[in-house]
Amino acid sequence: MTISVNQLEEAQIALKAPLYADVAGDLDVSFEFFPPKTEKMDAQLWEAIRTLEPLGPSFVSVTYGAGGSTRERTHATVARIQRETSLAAAAHLTCVEATREEIDQVAQEYWAAGVRHIVALRGDPPAAGARFQSHPGGYENAAALVAGLKRLHPFEISVAAYPESHPDSVNPAADLDNLKRKIDAGAARAITQFFFEPETFFRFRDAVAAAGITAEIVPGIMPVTNFASVQRMSAMCGTAVPAWMARLFEGLDDHPGSRQLVAATLAAELSRKLYAGGVKSLHFYTLNRAELAFAICHLLGVRAKDRTVEAAA
């Protein structure tokens, strides 16, 4: 990895000063939410959105369930964010269980609702553990989906990247080839699967550059509030869980407050180290809770935007 003088100075500050002292606040952040299933979950989601909105994220995204299982709820959530907030809403869209015409229709509905940003994904099969198979008449993969969306409208498109390789990839080189196809098809950036050690991202960033990919690679940050749940998710997506993380969460099952503090500390430390390594954009998987993402952003110098000043500018 090539490190600039400014990055070296930043790394020295991170080592010498209190961890978050003198952070410039020049970080772009974005947040991911999922569509709520109940009225209580809906209230929790909108509390999170309103808490994080003043931070002025570059966008917020809303997930799309396996097999399109949350299609209507995803669309309703994205459309409401676009309609009722100052946020730029991005809708997840997958290739699973739908023809090209059906997916194109969903995309057209997003465009009509004012949504200009799509997170284009291959998607996971509806049955856990099943192998992905493209739907007859559907988009065969994420690169084809990106190309199809670009034919419809000039969407801004984000795609997924996998620092530890997608579980279905035969090797890291094949995974990078797939990422390059998605970028070449018209994607503006890639957002990574979550990971837990900064070196994982830095090694991947070097490999991406060596593969000739110049698009922005945005680290995805998952604050760990439930260690057992994250272990299960990590096993499904091929993410390594360091042994030290298990030791840090040991004995906290009956102490939710302490677990939150540990989770915030770990995610903030990871974010700070990424920032020291030159990362200026972070994407937070919020799980529809604002507290951890808000605290981490605050530590990194991200503060509420002055909407009056922005409007005047």
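This is a predicted model: local features need pLDDT of at least 70, side-chain atom pairs count only at pLDDT 80 or more; totals for chains, interfaces and linings use all residues.
Residues are numbered from 1 along each chain as its sequence is written, and side-chain values use heavy atoms, with hydrogens and water left out.

Let me begin with the rings. A search of the whole structure finds six aromatic pairs, where rings of Phe, Tyr and Trp (its six-membered ring) pair if their centres lie within 6.5 Å, and planes under 30 degrees apart count as stacked, over 60 as edge-to-face and the rest as tilted. One of them joins Trp111 and Phe155 edge-to-face, with 5.1 Å from centre to centre and 90° between the planes. Trp111 lies in helix H4 and Phe155 in the loop between helix H5 and strand E5, so this pair ties together parts that are 44 residues apart in sequence; helices (H or I, at least four residues) and strands (E, at least two) are DSSP runs, numbered from the N terminus. Both Trp111 and Phe155 are buried, meaning under 20% relative accessible area with a 1.4 Å probe, protein chains only.

Now to Glu32, which sits in strand E1, residues 28–33. Glu32 is buried yet has no salt bridge, and the nearest side chain of opposite charge, Arg189, is 12 Å away; a salt bridge needs a side-chain nitrogen of Lys or Arg within 4 Å of a carboxyl oxygen of Asp or Glu.

Finally, just after helix H10, Gly278 takes a positive phi of about 100°.

Notes:
Buried means under 20% relative accessible area, exposed over 50%, partly exposed in between (1.4 Å probe, protein chains only). Lys and Arg count as positive and Asp and Glu as negative; His and the chain ends are not counted.
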